[in-house]
Amino acid sequence: MVRLYPNRCQLVGSAFISGFLISLVRSFIIDYYLFCSFQIHFVILISRQGKVRLTKWYSPYQQKERSTVIRELSGLILTRGPKLCNFVEWKGFKVVYRRHDSIILVILNLYASLYFCICIDPDDNELEILEIIHHFVEILDRYFGSVCELDLIFNFHKAYYILDEILIAGELQESSKKTVARLIAAQVNVTERCVSLAF
Amino acid sequence: MEQLKTIGRELAMGSQGGGWTGQSKEFLDLVKSIGEARSKAEEDRIILREIESLRRRIAEPDVPRRRMKEYIIRLVYAEMLGHDASFGYIHAVKMTHDDSLSLKRTGYLAVTLFLSDDHDLIILIVNTIQKDLRSDNYLIVCAALTAACKLINEETIPAVLPQVVDLLAHPKEAVRKKAVMALHRFYQRSPASVSHLISNFRKRLCDNDPGVMGATLCPLFDLITADVNSYKDLVISFVSILKQVAERRLPKAYDYHQMAAPFIQIKLLKILALLGSGDKQASGHIYNVLGDIFRKCESSSNIGNAVLYECICCVSSIYPNAKLLDAAAESTSKFLKSESHNLKYLGIDALGRLIKINPDVAEEHQLAVIDCLEDPDDTLKRKTFELLYKMTKSTNVEVIVDRMIDYMISINDNHYKTEIASRCVELAEQFAPSNQWFIQFSVSNNFTFQTMNKVFEHAGDLVNVRVAHNLMRLIAEGFGEDDEGADSQLRSSAFNIELLFLHSELEFIYGNSTHIAAKILNNILCNKFLKMVNSYLRILGEPKLPSLFLQVICWVLGEYGTADGKYSASYIIGKLCDVTEAHLCNDTVKVYF
């Protein structure tokens, strides 16, 4: 009997089995976390140059995976033209992104835009997620006064607090800007009082 | 003087409505230098240097608390940029024990960003969370609840569950809202431990505060997805809530771009779609309010279109109603005709849903769909392929599959390649118009199969094996039932070469595996080859056979010639020897003996 590829057969055969088992286990784990069918998996803010400004992970991702995700998505999203859809398909998920240019910077002709990216399940309402991003940006605008990239760079922990009021466990928690603003203000007041006391 | 200058700059940098940042000059310098770094390598160097210096300083005794807070924030920054700062985790945990709200909050923030719910340090935090959930200050309770949503896992749920349930009745709506979300999260982690508390979700649906009500829709959606029938009694409540929202009876604060609480509307529509699916009676309650929303929706804003899209999804999943279907079809037309790519995308998706109910809807939009197919936007193209997949009939299957194969060859994303490949095969299986088409399909598919082989080598999941199985079955079955056709096909050596190639490739990949599909594959092929033996023996006598073809014949005869016992080994060898004498020049042929 003529064996065309004697050695590779066995090698690939066993790799196939182990790869198969690993992917089966992995998909089982991911299924566990996709119990809820509509969920946000992560939120990433990156600059036009691909620099990370904010990341929030609602599904389990290891540190190394996070870097890979950010790299891949930056490559995918930053190269898209302005008129195209605000949604991309990526590894079986959908990523909704929105570019934000602050008014001040536009007036000053400084080209520094921020990309807000949210990863969702394929069946979710993409336009709604786009509007959730807009909702978040409007709240940031209200808080920082026409938010620009610099604000987020120097106050990223504040942005986290705000994000935690809007999204929790990957779901939209609060759709009223007023309520979010009130809560943040209450927290900041207490903080400021503490700070002034420290002096 | 220096201090004043620093404070001045800090105020200028970060104070626009945000209050004093309270960070030192060092941190500002760090962030600035990262911002000005020209390459990832430089950025990495700066951060690693920062991490080293923090590692030294954080371990010092008696670091003032505010300074520690800033160190923790800097560590959060370092981790966000992808570096490891695990030495700082314990300090973040310690900070959550602090009494001051500002430090406690920073501690909780850091801890939720650093840790995952299976980390060893969680044990140290559970006690703090328990204590904070009982605090008098509602802001502390909120911070603890937010942390609980991320950090509590199946084992630690019982430790905090009773307090969270109590907090569902807290006077402050912010607390109730977060308690609902926390309970939802616990349910997702471990349904069994929370199942007796599900009635609480129903109660919160009637909460006075719309924010809490809106938040309750999340867990209710999950519960209904898991078990529709227990919640059919809520249809009327949901419809009445939706009606109130649409009539603008919620506070103005929930308005968003002139639409009344659109996010809540969308959640309700998703829930109603589930409850009304396949149920004529439940759907009957929903028709009116759906009609109202269709009429009132602002189609000029994004969020208005988002709500419209959700309405279309709802209409297509509940029991069909002619008027609503018309309204849905009209909205879909508007989406498809619009200039915006986002709306075209939604239009294609909506069309896909409507086709399931009424296949003729696609007819009038053929041109728009083809435009989307030709569009340079990848996302739109893929969506349109999904639509085509749903639209395939026996009349257009050839065109559609050809298109899909072309597209598949052109893309780089392996994951998506295999998806399209399996779709192609499923379609071919279902709708194949003729054997001839099968052969051509397989011929063109061999090229794609080669690309798929590469994918098979790296991927390892079930879908690919099924694809291979189906593909081979197609080729094997599409061999032609009648003898005449079979004869001419035999003569097409190209086809046989492919068959051989495919067989060997499969052996190569699945050779030693005990995979059932591979076995079936091999069996099918063996059967085919057995049948071919007869024909091959007949042809051998003819002169001037292409040498490649000859190789194939020889191999097949060698493998299977004696398999069914019809011909003795000597007979076959005799025949083969005659051939060798006739084709002395070809060495390769000889190898095949």
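Contact, on this tour, means heavy atoms within 4.5 Å. You are looking at a predicted model, where local features need pLDDT of at least 70, side-chain atom pairs count only at pLDDT 80 or more, and totals for chains, interfaces and linings use all residues. Residues are numbered from 1 along each chain as its sequence is written, chains are lettered from A and ligands numbered from 1 in the order in which they are written, and side-chain values use heavy atoms, with hydrogens and water left out.

**Stop 1: S333 in chain B**

Select S333(B), which is found in helix α18 (residues 322-337) of chain B. Helices here are DSSP runs (H or I, at least four residues), strands are E runs of at least two, and both are numbered from the N terminus. Leaving aside neighbours within four places in sequence, S333(B) is in contact with E364(B) and H365(B). Now show the side chains: those of S333(B) and H365(B) make a polar contact at 2.9 Å. A polar contact is a pair of N or O atoms within 3.5 Å; within protein, one must be able to donate a hydrogen and the other to accept it, and residues adjacent in sequence count only if both atoms are side-chain atoms. S333(B) counts as buried because its relative accessibility is 12%. Buried means under 20% relative accessible area, exposed over 50%, and partly exposed in between (1.4 Å probe, protein chains only).

**Stop 2: helix α19 in chain B**

Next, select residues 341-357 of chain B, which form helix α19. Of its 17 residues, 14 are buried. Look at the start of α19(B): a side-chain oxygen of S340(B) comes to within 3.2 Å of the backbone nitrogen of N342(B).

**Stop 3: helix α7 in chain B**

Select residues 122-133 of chain B for helix α7. Its buried residues include I122(B), I125(B), V126(B) and L133(B). What do the buried residues of α7(B) pack against? Colour α5 (89-96), α6 (101-114), α8 (138-151) and α9 (157-167) of chain B to see their partners.

**Stop 4: a pair of helices**

Two packed helices are described by the angle between their axes and the distance between the axes. Select α10 (residues 173-189) and α12 (residues 198-205) of chain B: they pack at an angle of about 150°, with axes 11 Å apart. Axes are lines fitted to C-alpha atoms, for helices over the stretch in contact, and angles run from 0 to 180 degrees between N-to-C directions. Show R176(B), V180(B), L183(B), H184(B) and Y187(B) in α10(B), which meet I198(B), F201(B) and R204(B) in α12(B).

**Stop 5: chain A**

Move to chain A, which has seven helices and seven strands. Buried residues make up 58% of its 199 residues.

Pick V43(A), in strand β1 (residues 40-47). Is V43(A) buried or exposed? V43(A) is buried, because its relative accessible area is 4%. Leaving aside neighbours within four places in sequence, its contacts include L54(A), Y58(A), I118(A) and L167(A). Find V95(A) too: V43(A) and V95(A) are 52 residues apart along the chain, yet their C-alpha atoms are separated by 9.5 Å.

**Stop 6: I132 in chain A**

Finish at I132(A), in helix α4 (residues 126-144) of chain A. I132(A) counts as buried because its relative accessibility is 5%. Which residues are in contact with I132(A), leaving aside its neighbours within four places in sequence? They are L167(A), L172(A) and F263(B). Select S175(A) as well: I132(A) and S175(A) are 43 residues apart in sequence and 8.6 Å apart in space, C-alpha to C-alpha.

How values were computed: Expected span 1.5 Å × (residues − 1).
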